[in-house]
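Hi,

Here is the structure I said I would pass on. Have a look at it first, and then read my notes below.

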Amino acid sequence: MAVQESKFNLTDLHDTIAVVTGAGNHGIGWGLCQHAASLGMHVVILDLHDSLVDQAQRELAELFPDIQCLGLKCDVTDPDSLAKCLTTLQQQIPDKRIGAVFANAGVIFNHTILKSTAEEWLTTLNVNVVGVINTIKTFVPVLQQQQTPAVFSATASIGGLVRGDAGAASYQASKHAVVALTEALSFELALKSPYIHVHVLCPCIVQSGLGRTSKVNQRVKSGEIEAANVEPTRLSSNDLAMATERHAEQVFDHIADGNFYMITDNVRPYVDHDFPFDGLAVVRERFENILQLKLDNSDAQKPGASGIASAILKGPMFDELERRSLAKQKKQ
Ligand SMILES: NC(=O)c1ccc[n+]([C@@H]2O[C@H](COP(=O)([O-])OP(=O)(O)OC[C@H]3O[C@@H](n4cnc5c(N)ncnc54)[C@H](O)[C@@H]3O)[C@@H](O)[C@H]2O)c1
């Protein structure tokens, strides 16, 4: 087995720096920051607005007073913005090496292809795909210079491993691209820099406000909202979703185990219920379809337990959510 897929001793991360993009809201990136800090890592929080990163820096410093943390405004679609952040982090936290980089920033616009706008596609591909490429180009050369064990993780989604579905084609297309480009990165570094452990993160359902943060950021871009007034968004209300801190535990367990495809499912011990998303079952369906050269569209014929016709949002978690929703309606 190649060295890149070998186990990683998490104690090697102690006293190194974790860089996390898209960590200024209370979503997946924030959970990664907290877990990294709990391992004794210094943390650099990158996100679009000063208002978000300043608050996240304050909160993390209060929770983990023994580590250094830095919140920096950064637009991952702009290579100069990332380069500036690298320079600042090297000035502000000198003499520490970078132990882990999480290219995690992302957006979603839940529209069908026919109802989506060209701008939504461009923003989605720019943030979700080009943003990851820019993050690789900024930080991987630093990891290569260090020549010590380090982690590079790109956040895709379970949506990047399964069949295209009704509702968020731009998102899924972008996440399929993230999976492919991260596999390519692993190949590119395998011989040259085997001490860099490359991973693609494919979360199932984690508490976050991704849909809302994406809309807010669009409104800032169009001038409808002042960047200074952007506050961390509320989290999703799906109570079977994983809490971000427990999700981060699962991510670091995958890193320690040397799993390239970090599918983070809603399973124990990371959730307190027995209604998984069952991501592997949906991945298997896609690959069985491919091996038979046929696309099974039967899920498109009727709304499933999630309330929409979907080949992805089905399985034990959505059956249980529907059962709970029906029970609630009966009570009212
Ligand atoms: N929450 C889930 O269930 C889930 C599932 C699969 C994949 N993901 C992925 O996880 C990642 C984190 O999303 P989340 O769900 O935690 O939501 P989130 O809204 O907390 O995180 C996304 C962050 O990216 C930031 N961002 C957007 N554009 C940016 C840019 N140009 N430069 C810098 N930052 C930018 C946003 O401000 C936001 O803070 C995303 O890539 C998302 O696609 C989430």
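Which atom of the ligand lies 2.9 Å from a backbone N or O atom of Val206? It's an oxygen atom. Before you read too much into that distance, keep in mind that this is a predicted model.

Tyr171 puts a polar side-chain atom 2.6 Å from an oxygen atom of the ligand, and a side-chain N or O atom of Asn217 sits 3.1 Å from a ligand oxygen. As for cover, the ligand on its own would expose 810 Å², and the protein buries 96% of that.

Now the shell. The ligand is surrounded by 28 residues, and the closest of them are Ile28, Asp47, Tyr171, Ser208 and Thr213. Sorted by class, the shell holds 14 nonpolar residues, eleven polar ones and three charged ones. The elements that give it two or more residues are α5 (169-192) and α6 (210-221). Of these, α6 has the largest share, with three residues.

One more thing, on helix packing. Helix α1 (residues 28-38) packs with helix α7 (residues 244-257) at an angle of about 65°, and their axes are 8 Å apart. Angles of 65 to 115 degrees count as roughly perpendicular, and that is why α1 and α7 are described that way. The crossing of α1 past α7 is right-handed.

Cheers

Methods: Residues numbered from 1 in each chain as written. Predicted model: local features only at pLDDT ≥ 70, side-chain atom pairs only at ≥ 80, totals over all residues. Heavy atoms only, no water. Near = heavy atom within 4 Å. Polar contact = N/O pair within 3.5 Å; in protein donor to acceptor, adjacent residues only side chain to side chain. Areas by Shrake-Rupley, 256 points an atom, 1.4 Å probe, with all protein chains shown as cover. Helix = DSSP H or I, 4+ residues; strand = E, 2+ residues; numbered from the N terminus. Nonpolar A, V, L, I, M, F, W, Y, C, P; charged D, E, K, R; others polar. Axes fitted to C-alpha atoms, helices over the stretch in contact; angles between N-to-C directions. Parallel < 35°, antiparallel > 145°, perpendicular 65-115°, else oblique. Left-handed = near helix turned anticlockwise from the far one by under 90°.
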